[in-house]
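Subject: Structure for your files

Dear colleague,

Here is the structure you will be working with. My notes on it follow below.

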Amino acid sequence: MQKKMNAKPASIYCILQVVDAKEQESTSSNLSPSDFLDSLMGRTSGYDARIRPNFKGPPVNVTCNIFINSFGSIAETTMDYRVNIFLRQKWNDPRLAYSKYPDSSLDLDPSMLDSIWKPDLFFANEKGANFHDVTTDNKLLRIFKDGTVLYSIRLTLILSCPMDLKNFPMDVQTCTMQLESFGYTMNDLVFEWLEDGAVQVSDGLTLPQFIMKDEKELGYCTKHYNTGKFTCIEVKFHLERQMGYYLIQMYIPSLLIVILSWVSFWINMDAAPARVALGITTAIDIWMAVCLLFVFAALLEYAGVNFVSRQQKEFLRLRRRQRRNQKDEELRESRFNFSGYNITQCLPLKDGSATKNAVSAPNPAPTAGPKDTDTMRKKFVDRAKRIDTISRAAFPLAFLIFNIFYWITYKIIRHEDIHKE
């Protein structure tokens, strides 16, 4: 008898549950979407978009992730870069949880964003930004049954990126993107990255002068101001500059100009226009400066060769000037000495005879013969040719040594140092 009495209340309770479930189903099926939204976040719902979820309770955890559509316009002059992204934020608002609607999630019109609370996220290193509204506002709002809100928006940002151009154009730059709360301290709001796929990149994304490395550093950049402690998360993009453009535009042309300047070592030393015309170029960095230095050294080498080859002419000209001065001096002395004109003086003797005392004029200074002149000229020309011969080996060897040190220093040693940092 007792068992039968206990069974009746249990059966009655089950019947009430079934009836209640059927009533809810009929209510939800009869409830229009507009009425449902009004009851969820409209004026009659009591929802206040000015108050954050969990007011005076634990902080709201906002999970963020970004999808990169395009990445480019990296400018060294202004030290910034342009990026087009989908910014996605997800948080839980218990006030938006529902059970009277059959769908597990609701995709709402972007105009409904004004009716709910949203995080006050901004980009700390932003220099310029704009929304997209073609053909409509590029925004997405999705609400799940448990009150989870997904908010996605398309943005184009210009973000600052301080660059270290010491190793340009073999440099690796690190550009950051910082997401920070503007008004809520960490007591009210906390940002964090999505555990899986926090930063996604569009397939086939290429940069004009850089290669974006696959690894992207995710971290926190919590900011401490006199107004409080504010949540901040960041992602670091590692960009390695491509050498192809600079090889074609700078390195190879300057390399060819330097090699071309060495041709002057095989050109006749008397052909001045042909030798000088090969040494014209400009420079903008270490490589170009050294290349210009080598071309300038080739010009100096020609000047040295030309100077040495002309020394024999200057030496002969000096010899002729010395002989001319000596002759002028002898002529001045001969005016007071008859012997200078080779005239015989007749001196009377006691026996009445005369003795001729002939005094011959002094011998003129010896002059260099044609054979001595050719020997001297050949001697100086050989010296000049020897300089050219040495330069033919010394210049390419020095330039090769410079290349070895240059490429090892900038492509291996400093490259490894950047990776260690």
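How many bridges join β6 to strand β7 (residues 148-160), and do the strands run parallel or antiparallel? Five bridges join them, and the strands run antiparallel. Please bear in mind that this is a predicted model.

Within that pairing, Arg 142 has Leu 150 in β7 as its bridge partner. The hairpin of β6 and β7 has three residues between the strands, and Gly 147 there has a positive phi near 95 degrees. β6 (residues 139-144) also pairs with β3 (residues 105-108), in the antiparallel sense and over four bridges.

One joins Cys 161 to Cys 175, with an S to S distance of 2.0 Å. Cys 161 is in the loop between β7 and β8 and Cys 175 is in strand β8, so this link ties together parts 14 residues apart in sequence. It is left-handed, with -80 degrees about the S-S bond. Cys 161 has a relative accessible area of 1% and Cys 175 of 0%, and each is buried.

The other disulfide joins Cys 221 to Cys 232, also with S to S 2.0 Å. Its torsion about the S-S bond is about -65 degrees, so it too is left-handed. Both Cys 221 and Cys 232 are buried.

Lastly, Phe 182 sits in the loop between β8 (172-181) and β9 (189-193). Phe 182 is exposed, at 65% relative accessible area, and touches Asp 120, Phe 122 and Phe 230, leaving aside residues up to four places away in sequence.

Regards

Definitions and conventions
Residues numbered from 1 in each chain as written. Predicted model: local features only at pLDDT ≥ 70, side-chain atom pairs only at ≥ 80, totals over all residues. Heavy atoms only, no water. Helix = DSSP H or I, 4+ residues; strand = E, 2+ residues; numbered from the N terminus. Buried < 20%, exposed > 50% of the residue type's maximum accessible area, 1.4 Å probe, protein only. Contact = heavy atoms within 4.5 Å. Pairing = 2+ DSSP bridges. Disulfide = S-S within 2.5 Å.
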